[in-house]
Amino acid sequence: MKRRFQVPQNYVPSDIRADAKDFFVSIRDDVTIYKKFKCFPDVKQNEEADKFVAWWDFERFADNPMSLILIQEKLTEILKTITSSNLIDGYEQLQYKLILFYRLLKANGYINE
């Protein structure tokens, strides 16, 4: 008698789960670092980056998990855009990254104003 092994419908392979966790933690860390730098009075503020941070802090990605998938799919393109922009300051690069995340999500209807 053969036993049939059934894979649960919500099964996610461990390597994919690990990659997803790393991606999530990297965005969370970017947001945390941005918020810490933003406290300095000399630092230039940006409304779009701040709106992405608010979206993240309110965990709006939980309502739309596809938004994180979209960011992950476009991440390489976003990083190329940042490196081609010739920003030297690490804070400005981080801020620009959050701005691009915000614009991507807004253009795809995941952020509404």
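Ala18 counts as partly exposed, at 39% relative accessibility, where buried means under 20% relative accessible area, exposed means over 50%, and partly exposed lies in between (1.4 Å probe, protein chains only). This residue lies in helix α1, and helices here are DSSP runs of H or I with at least four residues, strands being runs of E with at least two, numbered from the N terminus. The structure is a predicted model, in which local features need pLDDT of at least 70 and side-chain atom pairs count only at pLDDT 80 or more, whereas totals for chains, interfaces and linings use all residues. Residues are numbered from 1 along each chain as its sequence is written, and side-chain values use heavy atoms, with hydrogens and water left out.

**Overall form**

- The chain has 4 helices and 0 strands, and from the N terminus on its elements run α-α-α-α.
- With a radius of gyration of 17 Å, well over the 13 Å that the globule rule gives for 113 residues, the chain is more spread out than a compact globule; the radius is taken over C-alpha atoms, and the rule is 2.2 Å times the number of residues to the power 0.38.
- Taken along the principal axes, the box filled by the C-alpha atoms of the chain is roughly 75 × 30 × 25 Å.

**Surface, burial and charge**

- Of the 113 residues in the chain, 27% are buried.
- The chain exposes about 8,400 Å², and carbon and sulfur atoms supply 53% of this area, which comes from the Shrake-Rupley method with a 1.4 Å probe.
- The chain carries 17 positive and 17 negative charges, whose mean positions are 9 Å apart; Lys and Arg count as positive and Asp and Glu as negative, while His and the chain ends are not counted, and each charge is placed at NZ of Lys, CZ of Arg, CG of Asp or CD of Glu.

**Helix α1**

- Helix α1 covers residues 14-38, and its end C-alpha atoms are 36 Å apart, which agrees with the 36 Å that its 25 residues should span at 1.5 Å a residue, the expected span being 1.5 Å times one less than the number of residues.
- Phe23, Ile27, Asp30, Val31 and Tyr34 are buried in α1, and the buried residues of this helix pack against α2 (47-57), α3 (65-84) and α4.
- Ala20 is also found in α1, where it counts as partly exposed at 40% relative accessibility.

**Helix α4 and Gln95**

- The 18 residues of α4 should span 26 Å at 1.5 Å a residue, and the end C-alpha atoms of this helix are 26 Å apart, in agreement.
- The buried residues of α4 are Tyr91, Leu94, Gln95, Lys97, Leu98, Ile99, Leu100, Phe101, Tyr102, Leu104 and Leu105, and the buried residues of this helix pack against α1, α2 and α3.
- Gln95 lies in α4, which covers residues 90-107, and counts as buried at 5% relative accessibility.
- Leaving aside residues up to four places away in sequence, Gln95 touches Tyr34, Lys44, Gln45, Asn46 and Ala49, a contact meaning heavy atoms within 4.5 Å.

**Loop residues with positive phi**

- Most residues other than glycine have a negative phi.
- Glu59 has a positive phi of about 55° although it is not a glycine; this residue lies in the loop between α2 and α3 and is partly exposed, with a relative accessible area of 49%.
- Asn86, likewise not a glycine, has a positive phi of about 60°; Asn86 is found in the loop between α3 and α4 and counts as exposed at 65% relative accessibility.

**Distances along the chain and in space**

- Among contacts in the chain between residues at least 6 apart in sequence, 65% join residues at least 24 apart.
- Ala20 and Gln72 are 52 residues apart along the chain, and their C-alpha atoms are separated by 9.0 Å.
- Pro65 has its place in helix α3 and counts as exposed at 52% relative accessibility; the C-alpha atoms of Pro65 and Phe37, 28 residues apart along the chain, are separated by 28 Å.
- Ala18 and Asn86 are 32 Å apart in space, C-alpha to C-alpha, and 68 residues apart in sequence.
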